[in-house]
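Colleague: I have the chain open on my screen. Could you take me through how it is put together?

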Amino acid sequence: MAVSPSDWPTQRSHPAPGPRETTILVVDDKEENRALIQAMFDGPEYRVLEAADGTTGLALAQRERLDCVLLDLNMPGLTGFEVLERLEADPRTREVPVIILTASDERLETMERALRGGAVDYLTKPISPMRVAIRVRGAIERRRLLQEVQDLRASFTSMLVHDLRSPLTVITAYLDMLHQPAVGPLSEAQQRYLGKMEQAVSQMLRLIGEILDLSKLEAGKLSVSPEPMDLAGTVTEAAERFKPGASRRRVTLEVRSPGTPVRVSADPSRLDQVLMNLLSNALKFTPEGGTIRVEVAETGDEVEVAVHDSGPGIPPDEQALLFEKFSQTSSGKSVQGGSGLGLVICRHLVEAHGGRIWVESEPGRGTRFAFRLPRNGPTAEPQAVGGRASPVRGDDRRPGGRNE
């Protein structure tokens with residue numbers, strides 16, 4: 001297919017998507033390549049967005065609901081590899097298939113790097129219209145089938161969790177009845193047995209809830225709704241709930257914050273869920289007489305929360321287990337009550353806010369979990385949470401830790 005240069009517009013607007021349009025983003029600094037892609041998918045069922053550089057492409061990818069990205073590697077400013085890395089790191093764009101556009105003389109090592117970085121396919125220039133159409137449609141169809149599988153898994157998990165939760169609810173009701181005066185006095189041994197049964201039921205219900213949450217997160221069925229909030233106040237309230245338990249174990253729990261409200265756009269209930277997981281972990285692993293320190297700090301356009309415990313720390317060879325489903329380190333296995341899902345859920349929720357979470361730990365020197373969030377939130381719209389796992393990233397961070 002040939003496109004005359006005289007037909008190439010100097011600037012293209014991006015029309016609003018129709019009800020069933022397939023949206024394709026082409027990121028290429030060459031106008032003629034973008035025009036050719038426009039001509040290939042010039043039909044009512046397609047909507048092609050254009051970006052002449054990586055920065056514009058990333059902005060469009062975060063704002064639009066894309067079905068496929070065609071990405072050039074060699075561009076001024078952000079390179080294709082840098083754009084690919086950022087698309088993979090963002091939970092909003094991680095699942096969008098990316099097809100690399102590259103020169104025919106590109107080295108095989110370059111293509112291998114692109115595929116390892118998350119690209120699903122690559123095409124060499126000059127572009128063959130038929131080949132591009134086939135590859136794009138194939139990538140979009142694979143993504144659609146994957147989404148169907150994720151939806152089916154989420155539906156099955158939801159049904160399974162409901163079937164498991166119902167009998168546990170009945171057991172809980174009967175356990176409550178056994179505590180009623182009408183049943184008669186219970187011996188010390190009977191009270192101890194009932195306590196263990198209630199603890200086991202509570203643990204099972206918590207595990208079922210976490211499995212359901214994670215299933216929704218991975219399927220993109222759980223969303224966050226950012227609103228203006230005081231992060232320091234939320235952290236203080238969450239810590240207050242753990243102070244009675246800390247006091248019983250003679251653990252010192254302190255909160256350090258600027259002393260004034262720390263404003264951020266975030267979902268209060270989801271951040272509370274993250275804080276509860278991190279504080280629960282810290283209390284679980286801090287020995288009697290130890291210390292848990294919660295810190296809230298402002299760092300320019302971001303805010304940071306850190307939970308530092310004086311527990312045993314994490315051996316370096318076990319730190320790769322962090323944020324993996326159902327995985328536990330040796331210290332985690334020695335403590336009952338962990339499902340191996342808490343930190344996975346934390347990662348999904350923090351990333352949904354446009355943030356990042358990490359851990360710092362050394363054996364014998366405790367563990368510090370921290371996360372940062374942008375002050376203004378990810379976007380003004382509620383964000384779906386989900387996508388495949390990504391590596392923990394950061395400037396001063398190294399992976400590792402417990403997963404409870």
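Colleague: How many bridges join β12 to β13?
Modeller: β12 and β13 are joined by 6 bridges and run antiparallel. Strands here are DSSP runs of E with at least two residues, helices are runs of H or I with at least four residues, and both are numbered from the N terminus. Two strands pair if DSSP finds at least two bridges between them.

Colleague: Which residue in β13 is the bridge partner of Val 359?
Modeller: The partner of Val 359 is Phe 369. Please note that this is a predicted model, in which local features need pLDDT of at least 70, side-chain atom pairs count only at pLDDT 80 or more, and totals for chains, interfaces and linings use all residues. Residues are numbered from 1 along each chain as its sequence is written, and side-chain values use heavy atoms, with hydrogens and water left out.

Colleague: In what order do the strands of the open sheet come?
Modeller: The 5 strands follow the order β8-β10-β11-β13-β12, with mixed pairing. β8 (252-256) and β12 are the edge strands, each pairing on one side only.

Colleague: What packs on the sheet?
Modeller: Helix α7 does, touching β8, β10 and β11; contact means heavy atoms within 4.5 Å. The direction of α7 makes about 175° with that of β8, where axes are lines fitted to C-alpha atoms (for helices over the stretch in contact) and angles run from 0 to 180 degrees between N-to-C directions.

Colleague: Is β11 mostly covered or mostly open?
Modeller: Mostly covered: 7 of its 8 residues are buried, that is, under 20% relative accessible area, with exposed over 50% and partly exposed in between (1.4 Å probe, protein chains only). β11 pairs with β10 in the antiparallel sense over 8 bridges, and Val 294 stands opposite Val 307 in β11.

Colleague: Where does Val 307 meet Leu 278, and what else is Leu 278 in contact with?
Modeller: Leaving aside neighbours within four places in sequence, Leu 278 is in contact with Val 307, Leu 343, Cys 346, Phe 369 and Phe 371.

Colleague: Changing topic, how do α2 and α3 pack?
Modeller: Helix α2 (residues 54-63) and helix α3 (residues 80-89) pack at an angle of about 20°, with their axes 10 Å apart. They are therefore roughly parallel to each other (angles under 35 degrees count as roughly parallel, over 145 as roughly antiparallel, 65 to 115 as roughly perpendicular and the rest as oblique).

Colleague: Which residues meet there?
Modeller: Gly 54, Leu 58 and Ala 61 in α2 meet Val 83, Arg 86 and Leu 87 in α3.
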